[in-house]
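Keep your viewer open and follow along, one selection at a time. Each stop tells you what to pick and what you will find there.

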Amino acid sequence: MTAPAAPLARRRRLLPAWFRDVLSRPSGAIGLAIIVVHLTIALLAPAIVPYDFAAQDSKAMFAEPSAQHWLGGDHLGRDVLTRTLMGGREAILVSTMATGVAVLWGGLFGIFLAFAGRFVDEASMRMVDALLAIPWILFVMLFVAGLGTGMGVLIPILGISYGLSIVRVVRAAALDVVTRDFILAARARGERRSVVIIHEMLPNVLDTLAVQAAMTWSWMLLGFSSLSFLGFGATPPTPDWGLMIADARSAMMVSPWPVLAPMIALSSLIIGINLLSDGLAKALGVDRMKKSAV
Amino acid sequence: METRPDVIAADDLQIGFVTRAGELAAIVDGVSLSLRHGVSLGLAGESGCGKSTLLLALMGHAKAGLAVTHGACRFEGRSLFEMPEAELDALRGKRIAMVPQNAGQALTPTLRIGAQIDEVLRFHTDLGPAERHERVRDLIDRVQLPSPAELARRYPHELSGGQQQRIAVAMALAVDPVLLLLDEPTTGLDVTTQLRILELLRELADQSGTAMVCVSHDIGVIARLCDEVAVMYAGRIVETGSADEVLVRPKHPYARGLLASIPRLKTGAVPEPIPGRPPTMGRMPQGCRFALRCDHVRDRCRAEMPPLWPMAGGAVACHFAEELPPWQRPHDLAATVLAAADRQPVLRVEDIAITYARPGLFDRFGLGGTAPSRAVDGVSFTLEHGEVLGLVGESGSGKSTILRGIAGLWPLAQGTIRLADGSDLSLSVDERPRDVLRRVQLVFQNPDASLNPRRTIREILARPLAIYHGLSGEAAGVRMAELLADVRLGEDYLDRLPSQLSGGEKQRVAIARAFAADPEIILCDEVTSALDVSVQASILNLLADLCASRGVACIMVSHDLAVVRAVARRIAVLYRGRLCEIGPAAEVTLAPRHPYTCALVGAVLEPEPGLPVETGPVLIEERGGGPGGCSFRGRCPRALPRCAEAVPDILPVDPGHAVRCHRVETVA
C-alpha cells in the first residue's frame, strides 16, 4: 500500500494481475492446461487423426485396443480414437457460442433489472423463476422439435435458457452495487444512464460475470452432450461424445472403450473448466464474502 | 500492600503473523501491562496500532492467522495461552467478560433477549430455571431498561441500538466477572445514548469492583470511563499512566499529537493533524517507530528503539521526553465575530418538508389512512457566501435527508430551495440544468463507497471535468494535477486505484472531485466519521481552507458537535426533522438556549478527565410524546403543559440566533 511506484510498474506487465493470480493457483493452472489441450486437439484433430471418422472396417468391429486401433473399434468398426479426438469439435463450438449468448443477454438484462423500477424488476424476476422451474431440457426439446436441430437453432435456444440463471446472479451483484454511493454520486453529477451503467456499474460486476461464464460453459457442454445423447443435438454420422456414448451404450459390457473414451474426454474437459472457474473465483474474490461497510 | 495478584498482566507480549517473505510481522510487539482489581484502563491510538488484538489477547484469544510469538498473558497469575481450551471456556464469560463493539450483530436475531441472557447463566452457574428467570429480570433492570419482564420476551431487532448495547452489558455482567473487556463500547451510538451507557458502566464497575479494559478511538470515552490510560502506536505502548496525567500532561510526542488532533467543544480548539501515517506492519523502522512523523526527531531516535521508562505519573517510551517543551493544550478559538451585513446568501431553503413515502398496496388504491411520516418538516435557513454551516443532530434527525433534498436526490414534499440567482433546486437531478448541477456538489460519508473501486483516480476526476467544463486530454490532465495539489496529494496518485489509498487520502480525492466542478456550494455528509481523529483534523482543516480561499459555501452535516464547532461559522441543530436552534457557532455551543441543544452540548465528552458533564436532561428516557406539540417534550426537563398543545415557532432571540421553544424569551 505504501510503495508508490509499484502500481505503475505492475500495470505494464505482459499479463494482467488477475490472470497471473489465476495461473499461480493450482486449480487455475491445471484447469487452464486441460482446456488448452482440449482446444488444441479440437482445432488440429482433422489433421492428426489416423483414420477417416466415418470409415467402417468390418475387421475392427468391437475390436480390442491394438497397435492399429489404439482405442479399438466401435459397433460399425470405426476407429474410436479418431472419433474421440474429433468428437469434441461440435460440442465445444456450440457450447462456447451459446455461452457467449447467455452471458451477453443474461448480463445486460441482469444489470438492467437492477436499475429498473420495483415493478419491472419484480415482474421480470418472477417470470425468470417460473422459467427456471421448467426443466431446461423440456424447454429445449420443445423448440428443437419445432425448429430442427441445426446449430442455428441450438445456440440461441441453449443461450437463452442458460442465460436465465446468469440474469439472477448478475442482478443480485448489480443490486449490491446500485446502492453504493458512487452510483448516487454519478447520478447527482448528472451522468446519463448509459454512462452510469458502462462506466460505473459494469466494471464492478465483471468479476461475477466472468466466474458465472466459466460455470455456464461447463453446464452448457454437459447440456449439449445430453441433447446429443438423446438424439436432439449432433446428427450422425458427425462424431460427437454424447452421440458416441448413446450409440455404444448397448454393447458396453462387451466392448467398453467406445463408451469410456468419450466419457473420459467429456468429463476431463468439464473438470478442467470447473477448475478454471474455481481458480477464477478465488483470484477475483467472488467466492469470498464481500467486505462492505454495514 | 496489595496481596492479590493482578487481575490481568501481559509480559513482553508479542503477537504476529509470518509474512509471505517469511518474516515475522508483529501486530502487538513487546507490550507489558498489569491491571489491579477494580481499576479501569483505556487503550488509545489510531486504527491499526494493535489495540483490538491486544484486547482479545487479554482473554486468551488470537485472531485467525495470528499467534503469540513471545511473552505471556496472565489472568490472576495463570498463563492464558498455556491453559487447556476447556478451562479457558469456563473462564470466559464467567471471570472475563466482553462487551462487543456492535451489540446488534453480537446478539442472535432469532432468540428472545431473555433466552440469550439465560444461556450465559445456564452455562456458567448452577441456578435452577426459576432462579435464572428471576436473575434475567434483575439484570435487565440493572442496566436501567424499562419493564424487564416484557423486554425479555422481545427479539433483538425490536430494540434500539442503545438498548441492544445495554443488553450486551447485561450479558457481560450476568455472572459478576472480575475483568470486563470493552471493544469500542459506544461507537456508532448517539452522543446522548453514549453518555448513558458510559454512566452505567462506570456505576456498575464501581459497585462490584470489576476491572475494565476499554479500547476506543474516542479519547473522550476513555477520559470519562478510565482511571489509567495506555497510548499505543504501531504495536507498542508509547505512554502509560493515570488518565489525569496522560490526558492532561502528555509527554510522548505521539500522545501529544493525538490529543491535539481532537476537536474540543468546550475549550473550542482548532484541531491539528499529525502528519504522515503509521508504518505498515512488517515494515517497521529500526529505531523509534514514531520517528518518521515526529517534530522533535534526532539521530538517536532513528537508530535506537526507546524503552518504556518511568516518568512522573507513568511511563514514556521516548529518548527525549524530559527535554521536550511543556505541553500546552490547543489554545482557545476566538469567539467568531459576525459581520452580517456584507454576507450575500447563496442558498435559500424555505419551509421544506421531505417525507419517506413508501406507498403500500392500500395507499395506491386510496385506502390507506395514514399520512407518510415526515423526515424533515418545515425547515428554513439561508446559507451565506463562503460560510460553513454546521447541521447537527442525532441519527434519524433528518440532517442527511436535508442534504439529499438540496442535492435533488430526494423529492421535496413542500417548500422551495433556491440559489442566489433564483435557480430552482426543488427539481430533481434529472430535471436540473447542467450548470445548476455543477454549482452544488456532494461529498459523501464513506469514501470507500463513494469512489468506484474499479476506476483510477484519473478516471474519477475526469468525469466532472468532462461534464461541466468540457475538458479532456492535456487540459484535463493539468487541471487534475492542480486539484490533487489543492488536496495535498501528488500527481503520482492519478494512476492509482482507490484501494491503494488510505482512508484519509480517499476522502481527499472525493473532495477534489467535488471541487473539480468549481461549485458554489459543497454539501458534506459526515465526511470525517469514517476516519481516524488524526486524519479527521487534516480533512477538516483542508475543507475549511478550500472553502475560505475559493469563497465556496459549505453545509457540514455531523453527529459530532465538536467537529462542527471546529470549522463552522454557524450551527443549526435538528431534532426529529425540525430545526430547534440556529445561530453563531460559539453562541450555540457555549450558551445553548434550546433544552435539546443543552443536552447535546452537555453530552459531548471532552478528551480530558474531570471536566463537568451535564448528565441531567440526557438521562431522561423518552416518555409521552405523541403527535402534536413540541417533538422534544417527551425528553424535555422543562416541559410545560403548553408544549403538548402547540408546536413552538422558531423565533429570534439574538441577532442571527433563533430558537424553537416556548420557554425561551425572544427579543420581540
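**Charges over rings**

Start in chain B by selecting Arg496(B) and Tyr493(B): the arginine lies over the face of the tyrosine, 4.2 Å from the ring centre. Before going further, keep in mind that this is a predicted model. Now move to Arg300(B), which sits over the face of Phe320(B) at 5.9 Å from the ring centre.

**Aromatic pairs**

Over all chains, the structure holds 10 aromatic pairs. For one of them, select Phe109(A) and Phe112(A): the ring centres are 6.0 Å apart and the planes stand at 25 degrees, so this pair counts as stacked. The cut-off behind that label is an angle under 30 degrees. Show helix H5 of chain A, residues 89-115, and you will find both phenylalanines in it, three residues apart, or about one turn of the helix.

Go back to chain B for another pair, Tyr254(B) and Phe290(B). Their ring centres are 5.3 Å apart with planes at 65 degrees, so the arrangement is edge-to-face. Here the angle has to be over 60 degrees. Tyr254(B) belongs to helix H11 (residues 253-260), whereas Phe290(B) is in the loop between H11 and helix H12 (299-303) of chain B, so the pair ties together parts that are 36 residues apart in sequence.

With H11(B) still on screen, show strands E9 and E10 of chain B. The helix lies across them, running at about 100 degrees to E9(B). Strand E9 covers residues 228-233 and strand E10 residues 236-242; six bridges join them, and they run antiparallel. To see one bridge, pick Tyr233(B) and its partner in E10(B), Arg236(B).

Now widen the view. What is the order of the strands in this open sheet? In chain B, the eight strands follow E6-E7-E8-E3-E9-E10-E12-E11, with mixed pairing. The edges are strand E6 (96-99) and strand E11 (309-311) of chain B, each of which pairs on one side only. Look along the sheet to see its twist, which averages 25 degrees from one strand to the next.

**The four-stranded sheet**

Chain B has another open sheet to visit, with four strands in the order E2-E1-E4-E5 and antiparallel pairing. Its edge strands are E2 (24-35) and E5 (78-79) of chain B, each pairing on one side only. Select strand E1 (residues 8-18) together with E2(B): nine bridges join these antiparallel strands. Among the facing residues, Gly16(B) stands opposite Ala26(B) in E2(B).

**Colour by confidence**

Finish by colouring chain B by pLDDT. The chain averages 85, and 92% of its residues score at least 70. Then select residues 333-341 of chain B, where the pLDDT is below 50; beyond near neighbours in sequence, this stretch has nine contacts in the model. Where pLDDT is low, predicted coordinates should not be read in detail. For the complex, the predictor gives an ipTM of 0.76 and a pTM of 0.80.

Methods
Residues numbered from 1 in each chain as written. Chains lettered and ligands numbered in written order. Predicted model: local features only at pLDDT ≥ 70, side-chain atom pairs only at ≥ 80, totals over all residues. Heavy atoms only, no water. Phe/Tyr/Trp six-rings, centres within 6.5 Å; stacked < 30°, edge-to-face > 60°. Helix = DSSP H or I, 4+ residues; strand = E, 2+ residues; numbered from the N terminus. Lys NZ or Arg CZ within 6 Å of the ring centre and 35° of its normal. Pairing = 2+ DSSP bridges. Axes fitted to C-alpha atoms, helices over the stretch in contact; angles between N-to-C directions. Contact = heavy atoms within 4.5 Å. pLDDT = per-residue confidence, 0-100.
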